[in-house]
Amino acid sequence: MQSEEKIMESEKLSLHAFMGKFRSPSWAPFLLLLMTLVIILSFQITTKSVNPIRVSLFSGSSGSDQWFAYPETCSGFLGQLPMRKVVMSLKDFGGVGDGKTSNTETFRRAIRYMQGFGDKGGSQLNVPAGTWLTGSFNLTSNFTLFLEKGAVILGSPEADEWPIIAPLPSYGRGRERLGGRHISLIHGDGLVNVVITGQNGTVDGQGKMWWDLWWNRTLQHTRGHLLELKNSRNILISNLTFLNSPFWTIHPVYCSNVIIRCMTILAPLDAPNTDGIDPDSCSNVCIEDCYIESGDDLVAVKSGWDQYGIAMAHPSSNIIVRRVSGTTPTCSGVGIGSEMSGGIFNITIDHLNVWNSGAGVRIKTDKGRGGYIANITISNITMDKVKVPIRFSRGSNDHPDNGWDPKAVPNVKGIYISNVVSVNSTKAPVLLGIEDAQFEEICMKNISLLGLTPSAKWQCEFVSGFSNQVFPLPCPQLQKNGSSSRCSFS
């Protein structure tokens with residue numbers, strides 16, 4: 001409920017701020033568009049259920065369960081799973097929820113025991129009210145981790161409770177440091193049919209110790225995530241609050257059939273690299289109805305880093321991001337890349353609401369990345385006080401090692417952006433492609449960027465495309481009307 005209230009309140013505040021800008025009748029079309037977007041967004045949010053989720057709510061093809069009753073949700077992603085046959089409490093294994101006693105071995109022992117029921121109807125571990133201090137632990141298949149109301153899983157502040165594991169093959173090394181990386185607090189590899197949910201319980205990574213190591217340049221290994229699932233399928237993550245991740249918060253990698261919904265994800269706005277949700281070389285992912293505040297991208301779609309991602313060639317595809325709201329002062333509401341070397345295609349971003357942020361939507365690439373970004377659909381976006389509403393960026397000069405190939409440039413084709421309203425904008429869009437790379441079929445329709453000074457101009461380089469009903473007038477590379485191209489504005 002916390003995430004729903006925050007999203008609804010943000011919409012009310014944003015609408016109030018927007019209406020103050022529209023005093024002249026000439027703004028009526030923009031106001032009508034904005035109110036329509038907000039009404040649609042509010043309706044879709046307020047008609048959803050945020051009751052605790054049971055495994056039986058995977059409705060499969062029947063669609064009979066009420067969890068999937070309201071329109072435009074992820075009903076078709078996961079097949080039907082049975083009720084868990086064994087349900088136990090962490091207290092049954094000797095857990096102590098006083099916030100001081102370590103429960104690392106308790107969690108590990110409990111899940112080892114429940115692993116034995118994976119082929120016997122599955123199991124569920126309930127975490128009761130209390131504060132459960134723990135280091136990293138691994139999940140198992142056919143398993144539900146359920147946080148009851150008032151339950152807090154508290155990440156250990158001891159670095160050795162987050163062991164070092166091998167780097168991801170599509171990265172070749174830790175993302176921040178050479179060599180291995182710290183495991184995530186909640187981790188899983190090679191799993192099927194996993195549910196992480198509850199009655200809005202909390203997982204708190206206590207990230208400050210890790211952020212300080214980063215700021216002080218004393219970090220020895222790449223920081224761990226709050227939750228990482230690898231090589232897994234049929235995953236549901238819902239109805240929880242995640243706080244203070246050391247690094248990226250939720251990181252599904254090499255996964256398929258993943259639903260992440262009704263989540264609240266919070267970190268201090270200056271906490272480094274605390275992305276909210278980062279699907280990485282994943283397919284069939286749905287992220288919806290989430291509220292995120294972080295020190296980096298709210299959502300970032302990735303697929304590997306330079307030559308390692310190119311070699312693995314595991315793309316991210318068929319991903320939906322919708323009804324996500326939040327703020328990030330230096331980064332973007334939704335980012336594509338910059339680690340995109342395995343390819344990214346068929347991404348839908350719909351009903352995004354971002355305020356007080358560095359960018360609304362951002363395509364991030366660079367020389368050495370290779371790979372491709374294709375068929376990205378972005379629509380129904382509202383922004384307030386966003387510095388650069390739409391941005392294509394390059395030139396970070398961020399590579400894993402000296403083995404990257406400067407001739408490996410990305411191909412970007414088919415970016416479709418429509419129905420965007422941004423008020424109190426600071427800069428016009430910045431669309432910077434890469435020389436000798438394809439950045440084409442950039443299609444924009446019905447975009448209103450309000451509050452810019454008369455001198456603010458679009459910046460475009462090495463891009464081409466089409467536009468219709470875009471204000472202020474875009475750069476010449478986009479001023480063709482798309483009616484005769486693959487950009488359909490009908």
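**Cysteines and rings**

Tutor: Cys-286 is buried, at 0% relative accessibility; buried means under 20% relative accessible area, exposed over 50%, partly exposed in between, with a 1.4 Å probe and protein chains only. This is a predicted model, where local features need pLDDT of at least 70, side-chain atom pairs count only at pLDDT 80 or more, and totals for chains, interfaces and linings use all residues. Residues are numbered from 1 along each chain as its sequence is written, and side-chain values use heavy atoms, with hydrogens and water left out.

Student: Which residue does a disulfide join to Cys-286?

Tutor: A disulfide is a pair of cysteine sulfur atoms within 2.5 Å. Here the S to S distance is 1.8 Å. The partner of Cys-286 is Cys-74.

Student: How many residues apart in sequence are the parts that Cys-74 and Cys-286 tie together?

Tutor: Cys-74 lies in the loop between α2 (28–46) and β1 (86–89). Cys-286 lies in strand β19 (residues 283–293). Strands (E, at least two residues) and helices (H or I, at least four) are DSSP runs, numbered from the N terminus. The pair therefore ties together parts separated in sequence by 212 residues.

Student: Is the disulfide of Cys-460 and Cys-475 left-handed or right-handed?

Tutor: Its sulfur atoms are 1.9 Å apart. The torsion about the S-S bond is about -80°. So the disulfide of Cys-460 and Cys-475 is left-handed.

Student: Which cysteine sulfur is nearest to that of Cys-255?

Tutor: Cys-255 is buried, with a relative accessible area of 3%. Cys-255 is in no disulfide. The nearest cysteine sulfur is 4.7 Å away and belongs to Cys-282.

Student: Now the rings. Is the pair of Tyr-113 and Phe-117 stacked or edge-to-face?

Tutor: Rings of Phe, Tyr and Trp (its six-membered ring) pair if their centres lie within 6.5 Å; planes under 30 degrees apart count as stacked, over 60 as edge-to-face and the rest as tilted. The centres of Tyr-113 and Phe-117 are 5.4 Å apart. Their planes are at 65°, so the pair is edge-to-face.

Student: At what angle are the planes of Trp-214 and Trp-215?

Tutor: The ring centres of Trp-214 and Trp-215 are 4.8 Å apart. The pair is edge-to-face because the planes are at 85°.

Student: Which ring does the charged end of Arg-175 sit over?

Tutor: A charge sits over a ring if NZ of Lys or CZ of Arg is within 6 Å of the ring centre and within 35 degrees of the ring normal. The charged end of Arg-175 is 3.9 Å from the centre. The ring is that of Trp-305.
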